Amino acid sequence: MKAVRLTAWGRQPVLADVERPVPREAEVLVRVEAAGLCHSDVHVVDAAPGALPYRPPFTLGHEVAGHVTALGPDASGPTVGERVALYGPWGCGLCARCASGRDNYCDRRGDLDWHGAGLGRDGGMAEYVLVPSVRHLVPIGDLAARQAAPLTDAGLTSYHAVAGLRHTLGEGTTAAVIGIGGLGHLAVQILRAITPSRVLAVDIREEALALAHRSGAHAGTLLRADTARALRVRTGGAGVDAVLDFVGNGATLELAAGILRPGGELALVGSGGGQLTVRKPGFLPPGLRLSLPFWGTRPELTEVIALARSGALHVATEEYPLSAAPEIFDRLRRGRVHGRAVLDCSS
């Protein structure tokens with residue numbers, strides 16, 4: 001079968017022929033219909049030797065949807081032909097958090113030399129992917145695979161971040177989403193779907209703001225020197241109740257600190273290398289609460305899939321054949337992908 005493989009650190013991924021896996025014990029074999037690509041994949045490919053615990057070679061791809069084709073002798077639950085999405089963050093499977101579907105916060109994460117599909121273990125940028133347990137599968141029904149695949153990370157991570165702020169986003173509140181890319185445009189939709197909050201969008205690209213408006217943002221603005229003041233004006237001077245930062249660089253964190261009202265909440269999702277200086281007194285608003293959401297839980301993925309099937313959530317995608325994957329990594333590095341890049345692995 002064809003698979004997109006990371007063969008060594010510092011090398012571009014290659015499309016290779018590998019043997020189709022055979023499920024054993026409780027494993028499940030899934031025929032991949034679609035696989036998403038994101039900046040996390042680029043970070044893996046571009047990582048320096050020793051920066052990650054993974055051991056190449058392995059197949060990339062942690063955003064995966066397809067259908068079950070075979071089960072190991074100890075696997076039970078899904079039927080052959082059932083269409084599923086893969087819950088990507090595979091934990092140890094033994095701790096209390098994994099048992100409750102919170103593999104993203106596995107207690108033994110630091111001891112593992114893999115973190116999930118395409119993250120040290122063979123992933124879904126391939127014709128088939130071997131899943132270690134049925135607990136990593138979520139049914140998708142008739143939802144298109146090109147929609148379901150990116151929901152397993154872009155959708156799930158955004159949902160998890162919003163869910164952590166939901167308690168503070170009641171009637172009359174305002175939320176700001178910084179960075180309207182693969183995750184940010186879904187965060188806008190999720191905010192509109194599960195909270196009554198007013199949603200403001202910020203980006204450096206006009207086309208990203210257009211995507212934010214199509215996704216349901218009430219207003220959008222380019223990131224400029226006066227953006228904090230402009231957003232405060234929109235909130236009557238009080239500031240916003242919550243910020244979701246999907247960039248995480250110095251400029252966006254400075255903006256977040258400048259627009260949050262006292263007692264506001266900041267969910268930092270992006271890994272752009274920015275820093276927040278904590279000091280008292282300091283430039284951070286009093287009472288600020290900071291969260292560092294990572295991916296999401298398996299029950300939350302079920303909720304995300306349900307939102308998409310209801311029509312409340314739609315991923316803006318650019319679709320490519322599996323063979324184009326190596327070149328798409330370069331497009332991602334240059335910021336040339338709008339929304340989410342998705343590979344058609346079924347042809």
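Student: Which residues touch the most other members of the largest nonpolar core?
Tutor: This is a predicted model, where local features need pLDDT of at least 70, side-chain atom pairs count only at pLDDT 80 or more, and totals for chains, interfaces and linings use all residues. Residues are numbered from 1 along each chain as its sequence is written, and side-chain values use heavy atoms, leaving out hydrogens and water. A nonpolar core is a set of buried Ala, Val, Leu, Ile, Met, Phe, Trp, Tyr and Cys residues joined through side-chain atoms within 4.5 Å, with buried meaning under 20% relative accessible area (1.4 Å probe, protein chains only). The largest one has 92 residues, and those touching the most other members are L60, M125, V177 and L244.

Student: Which helix gives the most to this core?
Tutor: Helices are DSSP runs of H or I with at least four residues, numbered from the N terminus. One of them supplies nine residues to the core, and that top giver is α3, residues 145–163.

Student: How many of the residues of α4 are buried?
Tutor: Helix α4 covers residues 184–194 and is mostly covered. Its buried residues include G184, H185 and I194.

Student: What do the buried residues of α4 pack against?
Tutor: Contact here means heavy atoms within 4.5 Å. Strands are DSSP runs of E with at least two residues. The partners of those buried residues are α3, β11 (174–178), β12 (198–203), α5 (206–214), β14 (240–245) and α8.

Student: Is T297 buried or exposed?
Tutor: T297 sits in the loop between β16 (289–291) and α8 (298–310). Leaving aside residues up to four places away in sequence, T297 touches Y87, G101, R102, N104 and L156. Its relative accessibility is 10%, so T297 counts as buried.

Student: What share of the contacts with a separation of 6 or more comes from residues 24 or more positions apart?
Tutor: Start with the makeup of the chain: nine helices and 18 strands. Among contacts with a separation of 6 or more, the share from residues 24 or more positions apart is 71%.

Student: What percentage of the chain do buried residues make up?
Tutor: The chain has 347 residues in total. Of these, the buried part is 54%.

Methods: Buried means under 20% relative accessible area, exposed over 50%, partly exposed in between (1.4 Å probe, protein chains only).
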